[in-house]
Amino acid sequence: MKNDCIQTTMCQERKKDPVEMFHSGQLVKVCAPMVRYSKLAFRTLVRKYSCDLCYTPMIVAADFVRSVKARDSEFTTNQGDCPLIVQFAASDARLLSDAARIVCPYANGIDINCGCPQRWAMAEGYGACIINKPELVQDMVKQVRNQVENPRFSVSIKIRIHDDLTRTVDLCRKAEATGVSWITVHGRTVEERHQPVHYEAIKIIKENMSIPVIANGDIRSLKEAENVWHITGTDGVMVARGLLANPAMFAGYEETPLKCLWDWVDIALELGTPYMCFHQHLMYMMEKITSKQEKRVFNALSSTSAVLDYLTDHYWI
């Protein structure tokens, strides 16, 4: 947690309960937690283009609690970075609650990652394996509620679905009974990667819940977001890769507008974004608007000055 980026005067949005957004009847547009990518600079960019709620990348709670170095590198925020949800990977309720207590002054809530299908995460007892441990989910929610005094601080979970959907509904009901604020459902099982998203399953889960539900999976445009919102009856949609490719998609743009490219340059340079991250985001954003030859040239650039020269020559507005 970098103190130079954390303002003593908190954003006014921080005082609000994010749950209120989900009861507005409007589509709540959410930027997903993305390892390496949904950091402060990118969150700042998507907020300029109609994103309502942002998540940090997944942070391992045990490392965050035990290491100042981990806190400094993994969590950076500022006054305008709100509303904000910090996502943690955890398998220990006490460590999770300690992590929640640390970030409480700087965020609107925490999210428990119960959906990451990567082998390393599941081997550590994190991520998608937790959907098979409803008692652990309940214990983690309870511990955070007991440790964090602010009653408006949200505790949410992000899950994948089971092959047997009744198990997923049971998990969600138990989480709701324990006081979880909302649930984000990625409509695939742990084993599925690029198969079609089971939006019907998300709809069934929503129909069995009284708390807000967010739909997640394969949403690449505002039109698709609105369609999924209507199909599932959920309270919001969460987008990952669609926003990487087009950070302005929630504002209705079909591809990344040039102004968005230059907004990214300004934000990234102002916040001191490392070159590899700065360059990688631009590679994603320019995917649809560059030829193969242009991609080869741009992707081979190795310095900020070279990138700026290239953009000035080809995409100056």
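UniProt positions are given here in the numbering used for this structure, feature names are shortened, and annotations may be inferred rather than shown by experiment. With that in mind, the UniProt annotation "domain: DUS-like FMN-binding", from an unreviewed entry, covers residues 31–293. The model is predicted. The protein chain contains 15 helices and nine strands.

**Overall form**

- The protein chain has a radius of gyration of 19 Å, which agrees with the value near 20 Å that a compact globule of 317 residues would have.
- Along the principal axes, the C-alpha atoms of the protein chain fill a box of roughly 55 × 40 × 40 Å.
- Of the 317 residues, 57% count as buried.
- Among contacts in the protein chain with a separation of 6 or more, 70% are accounted for by residues 24 or more positions apart.

**Surface and charge**

- The protein chain has an accessible surface of about 14100 Å², and carbon and sulfur atoms hold 49% of that surface.
- There are 37 positive and 37 negative side chains in the protein chain, and the centres of these two sets lie 2 Å apart.

**The annotated domain**

- Over residues 31–293, the chain is 44% helix and 14% strand.
- The end C-alpha atoms of this stretch are 31 Å apart.

**The annotated active site**

- The UniProt annotation "active site", also taken from an unreviewed entry, covers Cys 116.
- Cys 116 is placed in the loop between strand E5 (109–114) and helix H6 (119–123).
- Cys 116 has 10% relative accessibility, and it counts as buried because the cut-off is under 20%.
- Leaving aside residues up to four places away in sequence, Cys 116 touches Met 58, Ala 121, Met 122, Gly 127 and Ala 128.

**Backbone features**

- Most residues other than glycine have a negative phi, and most peptide bonds are trans.
- The peptide bond from Cys 82 to Pro 83, however, is cis, with omega near 0°.
- Pro 83 lies in the loop that runs between helix H4 (68–74) and strand E4 (84–89).
- Arg 36 is not a glycine, yet it has a positive phi of about 75°.
- Arg 36 is found in the loop between strand E1 (28–31) and helix H2 (40–47), and at 55% relative accessibility it counts as exposed.
- Ser 50 is not a glycine either, and its phi is positive at about 70°.
- Ser 50 belongs to the loop between H2 and strand E2 (53–55), and at 35% relative accessibility it counts as partly exposed.

- Ala 93 is part of helix H5, which covers residues 93–103.
- With 6% relative accessibility, Ala 93 counts as buried.
- Ala 93 touches Asp 139, Met 140 and Gln 143, when residues up to four places away in sequence are not counted.
- Ala 93 and Ala 128 are 35 residues apart in sequence, and their C-alpha atoms are 16 Å apart in space.
- Ala 128 is also among the residues that Cys 116 touches.

Conventions:
Residues are numbered from 1 along each chain as its sequence is written. This is a predicted model: local features need pLDDT of at least 70, side-chain atom pairs count only at pLDDT 80 or more; totals for chains, interfaces and linings use all residues. Side-chain values use heavy atoms; hydrogens and water are left out. Helices (H or I, at least four residues) and strands (E, at least two) are DSSP runs, numbered from the N terminus. The radius of gyration is taken over C-alpha atoms; the globule rule is 2.2 Å times the number of residues to the power 0.38. Buried means under 20% relative accessible area, exposed over 50%, partly exposed in between (1.4 Å probe, protein chains only). Contact means heavy atoms within 4.5 Å. Accessible areas come from the Shrake-Rupley method with a 1.4 Å probe; for residues, only the protein chains shown count as cover. Lys and Arg count as positive and Asp and Glu as negative; His and the chain ends are not counted. The place of a charge is taken as NZ of Lys, CZ of Arg, CG of Asp or CD of Glu.
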